[in-house]
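Hi there,

Here is the structure I promised to hand over. Have a look at it first, and then read on for what turned up.

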Amino acid sequence: MAIDSNTLLNWQFDDVEHSYNERDSILYALGVGLGRDPLNRDELNYVYEQNLKTLPTMAVTMATLGMWVKNPATGITWNKLVHSGQNAIFHHPLPSAGKVIGKAEISEVYDRGAEKGAVIVVKRSIYDAETEVCYCTLEQTLMLRADGGFGGATLPKDNQVTMPDRQADVRLSQETTPGQAIIYRLSGDWNPLHIDPDVATQAGFSQPILHGYCSYAIAGWAVCQAAKQPASALKELSAQFTFPVLPGNSIEFEFWQQSENEWLFNATSNGKLVLNKCRARFSS
C-alpha cells in the first residue's frame, strides 16, 4: 500500500497526557551524561533536587506518540523508517515537575522519488496541562526509505542549513560511557536496540547504540558550553542524524558562530559524521 499525502496530512492523533517529577528530570540529565563531576556546579543544577533545573531537550521525551507508524492505514513501511532529523523551539523553560499535554500533527509530506523514499515531519507541541502555556514545539523528521514515488510534493532546498567553509570557532569533545544508553532509556525509549546485544547484532551493529535523542541532548548541552550560555537561554535546536554513536565513544563537536545568538555545528564519533547541519539559537 503506497502512502497518500492527504491521508497523512489529515491524520488524527489523540492528545497525550504526560506527568513527570523531579526524579524523572534528574534521571534524564544523568542519561545525557551530566553529573559525572560532582564538583561541576553547572551540571549539579540538573541532578540535585535543591533548586533543580530541567534540561530543555527533555521535552522530546514527553507525550510521545508510540508506534503509530505500524497502523496499516498510514501506508508506511515502518520497518524501513529512519528518524533523520529533529528540531525544537523552546518557548518557555520546563518546570522540574508537572503534567503536560502533547498535541501532534503531520505538518509536511515530501516525495523524494521511488529510489530515495519520502520525508514526513511530525509536529508536536507540549502544553502545561493546567495553564495551557506552550513550553515547546517539536518537529521530528522521518525518512520513509521504502515509500517514495507516490507523486507528492518535492523537498524544498531553501530550508536546509549551509555549513560554513572556514575553520571552526570552537571545538569540544563530549565523552559518553559504555552504559549510557542503559540509563538514558529509562527516560522512555525502551527500544531493545539500545540495550540488547543480540538485537544490535541483528541490526548490523557491533553493540547496542546510543539513542539519537541522547546524541541530540548531548549536542544541546555542548553548544551551550561553546556559546557560554545557560541551557535556559537555548531557544531552538535542530540536527540531522547521520550515523549512530556507540556508547563509550567520544563525540567531537565543531562550532561556528554565525551571529550573536546563532551557532552552526556538526559532530563526529569514531571517525564518522554522526550529527550534521545543526543549528542552535539563543535568546538575546
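Let me start with a salt bridge: Lys-103 pairs with Asp-15, and their closest N and O atoms are 2.6 Å apart. Lys-103 sits in strand β3 (residues 98–111) and Asp-15 in the loop between α1 (5–9) and β1, so this pair ties together parts that are 88 residues apart in sequence. Lys-103 is partly exposed, at 38% relative accessible area, and Asp-15 also counts as partly exposed, at 47%. Please keep in mind that this is a predicted model.

The side chains of Lys-99 and Glu-17 form a salt bridge with an N to O distance of 3.8 Å. Here Lys-99 of strand β3 is joined to Glu-17 of strand β1, 82 residues apart in the chain. Since the cut-off for a salt bridge is 4 Å, this pair at 3.8 Å is counted. As for accessibility, Lys-99 is partly exposed at 38%, while Glu-17 is exposed at 54%.

How many salt bridges does the rule count? The count comes to seven. One of them joins the side chains of Arg-279 and Glu-262, at 2.8 Å from N to O. Arg-279 belongs to strand β10 (residues 272–282) and Glu-262 to strand β9 (residues 262–269), so the pair connects parts 17 residues apart in sequence. Arg-279 has a relative accessibility of 21%, which puts it in the partly exposed class, and Glu-262 falls in that class with 22%. Buried would need under 20%. Through shared partners, salt bridges join Glu-236, Glu-262, Arg-279 and Arg-281 into one network.

Now for the domains. The chain is divided into domain 1 (5–144) and domain 2 (170–282). Their centres, taken over C-alpha atoms, are separated by 15 Å. Domain 1 gives 26 residues to the contact and domain 2 gives 24. Between them the two domains bury about 2,200 Å², with 58% of that on carbon and sulfur atoms. On the domain 1 side, Arg-36, Gln-86 and Phe-90 lose the most area to domain 2, and together they account for 22% of what that side buries.

What kind of polar pairing is found across this interface? The rule finds ten residue pairs in polar contact there, with both residues at pLDDT 80 or more, and the number of salt bridges between the two domains is zero.

On the side of domain 1 that touches domain 2, the elements giving two or more residues are α2 (22–32), α3 (41–44) and β2 (81–90). Strand β2 supplies the largest share, eight residues. Sorted by class, that side has twelve nonpolar, eleven polar and three charged residues.

Helix α2 is worth a look in your viewer. Its buried residues are Ser-25, Ile-26, Leu-27, Tyr-28, Ala-29, Gly-31 and Val-32. Among the elements that cover them are β1 (16–20), α4 (180–184) and α6 (212–227). The N-terminal end of α2 is capped by Asn-21, with a side-chain oxygen 3.1 Å from the backbone nitrogen of Arg-23. Just after the helix, Gly-33 has a positive phi of about 115°.

Thr-137 lies in strand β5 (residues 134–144). Is Thr-137 buried or exposed? Its relative accessible area is 12%, so Thr-137 is buried. The side chain of Thr-137 makes a polar contact of 2.8 Å with the side chain of His-91. Leaving aside residues up to four places away in sequence, Thr-137 touches Asn-87, Ala-88, Ile-89, His-91, Lys-123, Arg-124 and Ser-125.

Glu-49, in the loop between α3 and β2, counts as exposed because its relative accessibility is 54%. From Glu-49 to Lys-228 the C-alpha to C-alpha distance is 24 Å, and the two are 179 residues apart in sequence.

Note on methods
Residues numbered from 1 in each chain as written. Predicted model: local features only at pLDDT ≥ 70, side-chain atom pairs only at ≥ 80, totals over all residues. Heavy atoms only, no water. Domains from an automatic or database assignment. Contact = heavy atoms within 4.5 Å. Buried area = accessible area lost by both parts, 1.4 Å probe. Polar contact = N/O pair within 3.5 Å; in protein donor to acceptor, adjacent residues only side chain to side chain. Helix = DSSP H or I, 4+ residues; strand = E, 2+ residues; numbered from the N terminus. Nonpolar A, V, L, I, M, F, W, Y, C, P; charged D, E, K, R; others polar. Buried < 20%, exposed > 50% of the residue type's maximum accessible area, 1.4 Å probe, protein only.
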